Amino acid sequence: MGIRLLKAKQIVRRILSSPETSSSIVPKGHFAVYVGETQKKRFVVPISYLKNPSFQKLLSQVEEEFGFNHPMGGLTIPCSEEHFTELISSSF
């Protein structure tokens with residue numbers, strides 16, 4: 001589990017160091033996530049979500065499929081908004 005958390009933190013660190021991401025847009029202790037299959041909706045989520053096993057699994061799937069190329073300046077998760085909101089509301 002520690003390795004997964006470390007990997008998730010590395011993913012977020014790379015995204016937050018992206019030039020498109022501004023600290024004035026994303027509050028301290030949070031990160032931007034773009035969710036959607038075709039049209040993306042932006043969510044700002046607490047970094048504490050990285051400790052959740054379900055969220056870590058989702059991040060791993062995104063990394064395997066898409067790597068670290070996230071041109072929107074935040075993590076892009078290509079799942080339905082309903083699935084994402086269900087995941088975060090049931091897991092936290």
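These are my notebook entries on a predicted model, from the overall layout down to single residues.

**Ground rules.** I number residues from 1 along each chain as its sequence is written, and side-chain values use heavy atoms, with hydrogens and water left out. Since this is a predicted model, local features need pLDDT of at least 70 and side-chain atom pairs count only at pLDDT 80 or more, while totals for chains, interfaces and linings use all residues.

**Layout.** I looked up the secondary structure and found 3 helices and 3 strands, taken as DSSP runs numbered from the N terminus (helices are H or I with at least four residues, strands are E with at least two). Along the sequence they follow the pattern α-β-β-α-β-α.

**Sheet.** The 3 strands form an open sheet in the order E2-E1-E3, with mixed pairing; two strands pair if DSSP finds at least two bridges between them. E2 and E3 are the edge strands, each pairing on one side only. I then checked E1 and E2, which run antiparallel and are joined by 6 bridges. Phe31 stands opposite Val45 in E2.

**Helix on sheet.** H2 lies across E1 and E3, and runs at about 90° to E3. Axes here are lines fitted to C-alpha atoms, for helices over the stretch in contact (heavy atoms within 4.5 Å); angles run from 0 to 180 degrees between N-to-C directions.

**Core.** Which residues touch the most other members of the largest nonpolar core? Of its 17 residues, they are Phe31, Val33, Val35, Val45, Phe55, Ile77 and Phe84. H2 gives the largest share of this core, 4 residues. Such a core is a set of buried Ala, Val, Leu, Ile, Met, Phe, Trp, Tyr and Cys residues joined through side-chain atoms within 4.5 Å. Buried means under 20% relative accessible area (1.4 Å probe, protein chains only), and 36% of the 92 residues in the chain are buried.

I also followed Phe84: leaving aside neighbours within four places in sequence, its contacts include Val33, Phe43, Leu58 and Cys79.

**Asn52.** My last stop was the loop between strand E2 (41-46) and helix H2 (53-66), where Asn52 is found. Asn52 is buried too, with a relative accessible area of 10%. The Asn52 side chain reaches the backbone nitrogen of Ser54 at 2.8 Å.

How values were computed:
Buried means under 20% relative accessible area, exposed over 50%, partly exposed in between (1.4 Å probe, protein chains only). A polar contact is a pair of N or O atoms within 3.5 Å; within protein, one must be able to donate a hydrogen and the other to accept it, and residues adjacent in sequence count only if both atoms are side-chain atoms.
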